[in-house]
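Have the structure open while you read them.

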Amino acid sequence: MAIGWMRRMGGVFGASFLWLVSLIYFTQGFRSFVWTAVSYQMKDILKLSPSVSQFILSAAFFPWSIKPVYGIISDCIPIYGCKRKPYLVIATVLSLFPWLVLGMTSSLRSSLNFLTALLTLQNLGSAMADVVIDAMIAEAVRSERAEFAGDLQSLSWLMMAVGGICGNLLGGYALSSLQVYSIFLLFSILPSIQLLSCVLIKEVSSEIPGIEEQKPKNYGQWKLYSSSKNSLGNASKSGPLRRRNRGRNHGQNQIISQENVNGKESFYLRCYESLRSAIYSLFHAFKKPLILRPMAWFFLSHVTVPNLSTVMFYYQTEVLHLEPSFLGASRVIGWLSLMVGTYIYNRFLKRMKLRRILMLAHIGLGVINLVDIVLVSRLNAWFSIEDKYMVLGGSAVADAINQFKLMPFLILSGQLCPPGIEGTLFALFMSINNLGSTVSSFYGAALASALHISSNSFDNLLYGLFIQLFSAFVPLVFLFLIPKEATGLASEKSPVELFSPTSS
């Protein structure tokens, strides 16, 4: 059945396109293989404190918060007439270059400033590639191939999940037997293959006319006429005629030069107008209350809760002495539970009101915080529960609950996107979600620094976890921003009706 499904997809989209989509999404999931090594590089080699490490990681992931910028630029400014292939090549190079440098240059790998800059550059390339491939998928399923949109999206998520499972599983074991720089170089194989695979892309030139299209229709006839006149002048050896030809040629060259200048000005003007129109449409749509209010809730649900994941990573490795292979396996459990969470949501929760789903999700996140509190306070030792089981259980349940929160976000974003700018506005919604996560990580880093948590001192970590626990319930106060009648299914009401006075 799976082979038949892939053959049918290959017949519709082409094997080369499916290969590129699968490779890029697999690489996005497999990034956990190398980012685990980055965490150990900062902890063991650079000897950074938990707060500093989390601050650097938060800054490095900021490019994921401005994804609409890449989408608008690639849509409005074609390179050599193409909007996708050149930008995918640029993105892949930006993804590849930092890992090669970090793998081959010990001094840059050990420099905090250079490490931060290279990691940020790498995330810029990965985020840009994500935007470009999403745009290519959207273009591929237009018109008669729209019925395969779900299949193509399923393939994307499947390959990302497979990449995440493989990356986490292999990343932990790789750290047990390889040096960090070797892991950087090994991972660079994937973006290298991705760069070579860009050759498979066949893209039609954009509709924005280039300089060649600005030339007059009779340009070819005039060129032939000019050549014959020059040949005649050379054959006759007539001085006055040559002077007349030179004067004529000089005037005609001036005309062509002016036409080239006008062509360039027209091209840049069209790009500017396209950029301005896209930005105006985007912000005009986003400032509407029916779009702004739900997005404000999702942003607040992140920024009000401090993220202490890096601090807990330090605690698990420095105090509990958990091995990299085990931590990698625990994240594999997290990926599997994410799939289970998706199934549970689609099977049992999609008809539930979004407000109730989000309320239950945050209550569940509070329960997960209690698991961390029990682990740090060592209460689990009183009941003879091993630390590994606590970590595995917490990781599995946390990822499933986070999926309960992410699914309503994706569904509501799809319902609110107005026609014409769906792709760019949806990218903006995802960027808001990413920006909220980044601000939450900065908040967690500041909290860890204020509590004087270090690699050698976790005495105040319990206070931070209690703050995280109580903060998890703050977003519940703002649930009125979510449409009251919205459910996990595509609503039968329009977005305007969802925000009518009787529904709020």
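1. Start with the contact of α5 and α7: Y87, L88, I90, A91, L94, S95, F97, P98, W99, V101 and L102 in α5 meet L115, L118, L119, L121, Q122, L124, G125, S126, M128, A129, V132 and M136 in α7. Sorted by class, that contact has 19 nonpolar, four polar and no charged residues. Contact here means heavy atoms within 4.5 Å. For the classes, Ala, Val, Leu, Ile, Met, Phe, Trp, Tyr, Cys and Pro are nonpolar, Asp, Glu, Lys and Arg are charged, and the others, Gly among them, are polar.

2. Before going further, the ground rules. This is a predicted model, where local features need pLDDT of at least 70 and side-chain atom pairs count only at pLDDT 80 or more, while totals for chains, interfaces and linings use all residues. Residues are numbered from 1 along each chain as its sequence is written, and side-chain values use heavy atoms, with hydrogens and water left out.

3. Back to the geometry of that pair. Helix α5 (residues 85-104) packs on α7 at an angle of about 150°, and their axes are 8 Å apart. The two are therefore roughly antiparallel to each other, and their crossing is left-handed. Axes are lines fitted to C-alpha atoms, for helices over the stretch in contact, with angles from 0 to 180 degrees between N-to-C directions. Angles under 35 degrees count as roughly parallel, over 145 as roughly antiparallel, 65 to 115 as roughly perpendicular and the rest as oblique. A crossing is left-handed if the near helix is turned anticlockwise from the far one by less than a right angle, and right-handed if clockwise.

4. How does α4 sit against α7? Helix α4 (residues 67-76) packs on helix α7 (residues 112-140) at about 55°, with 9 Å between the axes. That makes α4 oblique to α7, and the crossing is right-handed. K67, Y70 and G71 in α4 meet L124, A127, M128, D130 and V131 in α7. By class, the residues of this contact are five nonpolar, one polar and two charged.

5. Staying with α4, seven of its 10 residues are buried, so call this helix mostly covered. The buried ones are K67, P68, Y70, G71, I72, S74 and C76. Buried means under 20% relative accessible area, exposed over 50%, and partly exposed in between (1.4 Å probe, protein chains only). C76 also figures in a pairing that spans 201 residues of chain: its C-alpha and that of S277 are separated by 9.5 Å. S277 is in helix α12 (residues 239-286) and, at 43% relative accessibility, counts as partly exposed.

6. Next, α2 and α10. The axes of helix α2 (residues 15-45) and helix α10 (residues 189-197) come within 10 Å and cross at roughly 160°. That makes α2 roughly antiparallel to α10, in a left-handed crossing. On the α2 side, W19, L20, L23, I24, F26, T27 and F30 meet L190, I193, Q194 and S197 in α10. The residues of the contact divide into eight nonpolar, three polar and no charged.

7. Worth a look on its own: helix α13 (residues 289-303). Its 15 residues reach 20 Å from first C-alpha to last, close to the 21 Å expected at 1.5 Å a residue, where the expected span is 1.5 Å times one less than the number of residues. L290, I291, P294, M295, W297, F298, S301, H302 and V303 in α13 are buried.

8. Please check two backbone spots. K47 has a positive phi of about 60° without being a glycine; K47 is in the loop between α2 and α3 (50-60) and, at 64% relative accessibility, counts as exposed. H321 also has a positive phi, near 55°, in a residue other than glycine. H321 lies in the loop between α14 (309-318) and α15 (324-349) and is exposed, with a relative accessible area of 59%. Most residues other than glycine have a negative phi.

9. Finally, the whole chain. The protein chain has 21 helices and zero strands, these being DSSP runs numbered from the N terminus (helices H or I, at least four residues; strands E, at least two). Buried residues make up 48% of its 504 residues. Of the contacts with a separation of 6 or more, 84% are between residues 24 or more positions apart.
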